[in-house]
Amino acid sequence: MYDFQNIALLGQPNVGKTTIFNVLTGSSQKIGNWPGVTVEKREGEFTYENVHFMVTDLPGIYSLNSDSIDQKISRDFIIKSAETKNNVILNIVDTSNINRNLYLTLQLMELGISPVICLNLIDEAEKSGMKIDIKKLSEKLQSVVLKTSGRYNIGIDELKKAVYDYSPEKQEIKYSKLLEDSAKVLENNINASLIPKKYEKISRRGIAIALLEGDPEFLSTFDEDIVNLRNNIKEKVENEIKHDIESYVVEQRYKKIDDILSEVTKGCEFYDDVDSIVTHPAYGFLVFLAVFYLMFKFVYGLGDVFTGIIAGIFEVILESLSLIIPSAYQGILIDGLFSGVGAVLEFFPLVFLMILSLSVLEDTGYLSRVTALMHGIMSKFGLNGKSTIPLLTCLGCTVPGIMGSRFISNHKERLITMLVAPLVPCSARFVIIGFLAAVFFPQNATLFTISIIGITILLMMLVSYILGKLIKGKSDDLIFELPPYRVPDWKNVFKMTWQKGKEFLKKAGTVIALGSVLFYALTTYPTPDYNYAMSIGTIIEPLTMLMGLDGTAGLSLLFGIFAKELVVSVLEISYSGNILEYLTPLNAFVLALVSTIYIPCVSAIAALYLETRSLKWTGFGLAYNLGLATIVGIIVHTMGRFFGF
């Protein structure tokens, strides 16, 4: 037994992997990025029987092929972990979808990895009538198999003990004679000297099957002789099976899974009736509109209550501070720092409730149905159903939305998704929309918000369609994995909401605070009557006036590039709380629209560059966002004036 062991959690998305990670590690978690990319890396630790365990939560993936960044990260981590013996792979399986989930398990075994298998969410599966013979399944897979449920702490002690007692077992999962013979020929020709150091510790059979399956990384790693041999075998096999060998390998894995499960499972309740409605092209879309309308009603209805309370608290704080802070510092501290930050923090409830609502919809399994529902529409505009989740994630923050696009294996569709993601209003832009709605349209805040979102969605589809025609490449067919409907795991939902929400608070305490102070200085020096902000506003005013926005509103857009919330902060400081005297409802609508469309914040720009690794596409994204916002602003302002607004 080692004093120190590593555990890696591997599984498909929506299998409760993160809940298991949270239960195992408690509060001892660190969140960062994987080296060289902006993929989130979560690590934690726990101690059991005086042995220290370091736990890594790998990205949720459907396959170990190297088609996407997440899959490559997970596979590289697993291959690397095979080099040492004190590593355990916990394969988290959604029991209700066990036939799909075991696909990843078989791929692990092909590489010679012996995992501990957790049949997670077992409470839901058994409630729906599903029964599994654990002992027989363990014998069939020649692995340790456990029943777990992170949310109800089922099987967690047994899981810790299984990891503590872990001892690798040799598995032999065999496919058809044709596939096995083909793999054997390739395997026998892969001499030790030909195997790159990276793959020395993994099974040669696994390497052979990956080559037959056409894994791009393996094909590019091995020399020409091996690739030519693989191509000859592929041609012979395809002549016999009359279709491509890549599909044949996939078929063989699922056939093996069906054989294994036929003797160990029985009884399962599905939700076909409900899904036939929520994924229906017509009814499903109505359900989608109703769900999101109710979500925004909830966010603004409850959010307004807390926003008012926070505004009242800040008024009291500012009055109290004005009594104790010397008059020489009141300008920069009260009018600059606290007023600017306070104006943004008032809208924290909206941000929190928006993230909470999306987390609940994701946890119930509804967002996966939205993916299936939207695929038909999205595919007509150069996107696919997988684009839906990253774009919906952008409602919380554009950065994870752009990063979330790595689930899309098709390069063209992923690039288009990243380029149009900034058009989805993020939580920071909801602060601007919420602020302007509360001031100019207090009785129709929901309608105002939906109008802004509706226009941006239409623009997003238009831009996607044009990019789909301009960018070369083919689209992928999509296979959907619909998780069962679940009661949200509230503990996990609030924890994830708080982790994302506190990033907003951090930003308010740093970037927004500094921005507010900087803006106050620009509006005060060298003199309050003729200051630097007026000079900048005068320079950009000829352009912004085409959209009906004065230099001050234009200046707020300029500051919004650093952090979108600064738009509100600048407006509050510049107009001294009397914005109604300076802007009309039409100006407010144009400002909200342009704020949503134009250049994303610095963090989103950085994420776009890191994900595309291309100055060309990053520059293109910024240029079209700016150009589109200007054109739309001018058109809406002109039309508004024409109709008498």
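Is Tyr624 buried or exposed? Tyr624 counts as buried, because its relative accessibility is 13%. Buried here means under 20% relative accessible area, exposed means over 50%, and partly exposed is in between, with a 1.4 Å probe and protein chains only.

Before I go on, a word on the model. It is a predicted one, in which local features need pLDDT of at least 70 and side-chain atom pairs count only at pLDDT 80 or more, while totals for chains, interfaces and linings use all residues. Residues are numbered from 1 along each chain as its sequence is written, and side-chain values use heavy atoms, with hydrogens and water left out.

Phe620 and Tyr624 both sit in helix α28, residues 615-642, four residues apart, which is about one turn of the helix. Helices here are DSSP runs of H or I with at least four residues, strands are runs of E with at least two, and both are numbered from the N terminus. Phe620 has 33% relative accessibility, so it counts as partly exposed.

The two rings form an aromatic pair, 5.8 Å centre to centre with 35 degrees between the planes, and the pair is tilted. The rule is that rings of Phe, Tyr and Trp (its six-membered ring) pair if their centres lie within 6.5 Å; planes under 30 degrees apart count as stacked, over 60 as edge-to-face and the rest as tilted.

How many aromatic pairs does the structure hold? It holds 15. In one of them, the ring centres of Phe441 and Phe448 are 4.8 Å apart and the planes are at 25 degrees, so this pair is stacked. Phe441 is partly exposed because its relative accessibility is 21%, whereas Phe448, at 5%, counts as buried. Elsewhere, ring pairs join Tyr199, Phe218 and Phe222 into a cluster.

Next, the annotated site. The UniProt record, an unreviewed entry, places the feature "binding site" at Thr25 and Gly26. UniProt positions are given in the numbering used here, feature names are shortened, and annotations may be inferred rather than shown by experiment.

Thr25 belongs to helix α1, residues 17-25. With a relative accessible area of 4%, Thr25 is buried. A polar atom of the Thr25 side chain lies 2.7 Å from the backbone oxygen of Phe21. Neighbours within four places in sequence aside, Thr25 is in contact with Gly44, Glu45 and Val55. Contact means heavy atoms within 4.5 Å.

Gly26 is in the loop between α1 and β2, the latter being 29-33. Gly26 counts as partly exposed, because its relative accessibility is 28%. Again leaving aside neighbours within four places in sequence, Gly26 is in contact with Phe21 and Lys495.

The axes of α19 (residues 411-420) and α27 (residues 602-612) come within 10 Å and cross at roughly 170 degrees. That makes α19 roughly antiparallel to α27. Axes are lines fitted to C-alpha atoms, for helices over the stretch in contact, and angles run from 0 to 180 degrees between N-to-C directions. Angles under 35 degrees count as roughly parallel, over 145 as roughly antiparallel, 65 to 115 as roughly perpendicular and the rest as oblique.

Which residues meet between these helices? Arg414, Leu415 and Met418 of α19 meet Leu608, Glu611 and Thr612 of α27. Thr417 is also found in α19, and at 1% relative accessibility it counts as buried. Residues up to four places away in sequence not counted, Thr417 touches Leu383, Ser387, Pro390, Leu391, Ser405 and Ile408.

Leu350 is found in helix α15, residues 348-364. Leu350 counts as buried, because its relative accessibility is 5%. Leu350 and Gly301 are 49 residues apart in sequence, and their C-alpha atoms are 9.5 Å apart in space. Among the residues that Leu350 touches, not counting those up to four places away in sequence, are Val299, Tyr300, Phe430 and Gly434.

Last, two backbone angles. Gln142 is not a glycine, yet its phi is positive, about 55 degrees. Gln142 lies in the loop between α5 (134-141) and β8 (145-147), and it is partly exposed, with a relative accessible area of 24%. Asn153, in the loop between β8 and α6 (156-164), has a phi near 60 degrees, a positive value in a residue other than glycine.

Terms used: A polar contact is a pair of N or O atoms within 3.5 Å; within protein, one must be able to donate a hydrogen and the other to accept it, and residues adjacent in sequence count only if both atoms are side-chain atoms.
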